Amino acid sequence: MKNSTGSGYSRLAGEESFLEAMKRCHLKNFVIANACSLVLFPLMGLILLLLPGSRHISLPLLAAVLLPVLLCIFLATGIQTWSHIRKLGSPAVDCLVLENKKFREYTAKERRRTRYRIVVEGENGKKWKLKDHKALAYHCLLEAGDRLRYHPGFAFPLEIYDKSRHGVLVCVFCGHGNSILDRSCARCHHPLLHSEN
């Protein structure tokens, strides 16, 4: 589907090169998350050992606590990455927005924060929920009843049908909001899903 007004869906999302780029993005995020864990947790352990009054903490005890935590992080990020990659290439589903709302407001570190939730329903009756940072990327662009396409396995899986209404394209790789005139994301430089692709 396409027309000159910026409404429609992109053919680019189904191309093999695009799916390979998404796979590399997921693997890169997996490596970064685990590399950060491998650096930060031992560093925290070293700081604990060097603190005054930490004579009762031994290195074997610290290792016995940190290693299972690192293993859990590795397994959790590995399972999530594998799940996303496995879904890549699955058929996209045309959907309608059922709900787009703030579902919780709270204060953390003296700053007011808001959590968002978007619920979409596919033609097949299946529902998907996006929360927090994924919902925040789309929150200002969607209303109940809007048409969109859900791309399984994508980092930010929604492609809005009427792209010209707000003049913003959300990058499906990083969630950054870009001008509809941009061909690639200003943050991650991956191609954007234009209706004329």
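Guide: The structure holds six salt bridges, a salt bridge being a side-chain nitrogen of Lys or Arg within 4 Å of a carboxyl oxygen of Asp or Glu. This is a predicted model, where local features need pLDDT of at least 70 and side-chain atom pairs count only at pLDDT 80 or more, while totals for chains, interfaces and linings use all residues. Residues are numbered from 1 along each chain as its sequence is written, and side-chain values use heavy atoms, with hydrogens and water left out.

Let us begin with D132 and R115, whose closest N and O atoms are 2.7 Å apart. Helices (H or I, at least four residues) and strands (E, at least two) are DSSP runs, numbered from the N terminus. D132 is partly exposed at a relative accessible area of 31%, and R115 is partly exposed at 22%. For these classes, buried means under 20% relative accessible area, exposed over 50%, and partly exposed in between (1.4 Å probe, protein chains only).

Next come R165 and D146, whose side chains meet in a salt bridge of 2.5 Å, N to O. This pair links distant parts of the chain, 19 residues apart: R165 is in the loop between strand 5 (158–160) and strand 6 (168–170), and D146 is in the loop between helix 3 and strand 4 (147–150). R165 counts as partly exposed at 36% relative accessibility, whereas D146 is buried at 12%.

A further salt bridge joins K163 to E159, with 3.1 Å between the closest N and O atoms. Both K163 and E159 are buried.

To place these pairs in the whole, the chain has three helices and seven strands, running α-α-β-β-β-α-β-β-β-β from the N terminus on. Its radius of gyration is 21 Å, well over the 16 Å that the globule rule gives for 197 residues, so the chain is more spread out than a compact globule. That radius is taken over C-alpha atoms, and the globule rule is 2.2 Å times the number of residues to the power 0.38. Along the principal axes, the C-alpha atoms fill a box of roughly 70 × 40 × 35 Å. Buried residues make up 38% of the 197 residues, D146 being one of the buried residues.
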